[in-house]
Amino acid sequence: PDDFYKTESELSLQPFSHALICCGAVGQPRDGKPGAQFGIYDRESESMSFYCLPYDLDRTVVDMESKGFPATLTRRLVTGR
């Protein structure tokens, strides 16, 4: 089977017998989209829907800095990379 990378907000899984889905992270994005990223699997339609929701990044960065988190982690929150 072929491996591939998809970035659509909706993805049908019907053509596949197996799938490994990385639906994002609440905290350390890598795709240039700051926010809380997550996915929802719909068993009936055999599809994944992906979402990215905003949250108070400034407050989170201040909290992380006050706790001594590395600057690379706080920068990634804001830039999404």
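Which residue takes a positive phi in the hairpin of β2 and β3? In this predicted model, the residue is Glu46, with a phi near 50°. Four residues lie between the two strands of the hairpin. Strand β2 comprises residues 36-42 and runs antiparallel to β3, to which seven bridges join it.

Strand β3 spans residues 47-53 and includes Tyr51. Tyr51 has a relative accessibility of 36% and therefore counts as partly exposed, since this class lies between the limits of 20% and 50%. Together with Ile40 and Leu53, Tyr51 makes a nonpolar surface patch of about 270 Å².

Helix α1 is formed by residues 57-66, and Leu57, Val61 and Met64 are buried within this helix. The three residues lie on the same side of α1 because they cover an arc of only 65° around the axis. In an α-helix there are 3.6 residues a turn, so residues three or four places apart point the same way. Helix α2 (71-79) is included in what covers the buried residues of α1. On the face turned away from the buried side, α1 carries the exposed residues Asp58, Arg59, Val62 and Ser66. Gly68, which follows α1, has a positive phi near 85°.

Terms used
Residues numbered from 1 in each chain as written. Predicted model: local features only at pLDDT ≥ 70, side-chain atom pairs only at ≥ 80, totals over all residues. Heavy atoms only, no water. Buried < 20%, exposed > 50% of the residue type's maximum accessible area, 1.4 Å probe, protein only. Arc of directions from axis to C-beta. Contact = heavy atoms within 4.5 Å. Patch = residues over 30% accessible without salt bridge, like charges linked within 9 Å, V, L, I, M, F, W, Y side chains within 5 Å. Areas by Shrake-Rupley, 256 points an atom, 1.4 Å probe, with all protein chains shown as cover. Salt bridge = Lys/Arg side-chain N within 4 Å of Asp/Glu carboxyl O. Pairing = 2+ DSSP bridges.
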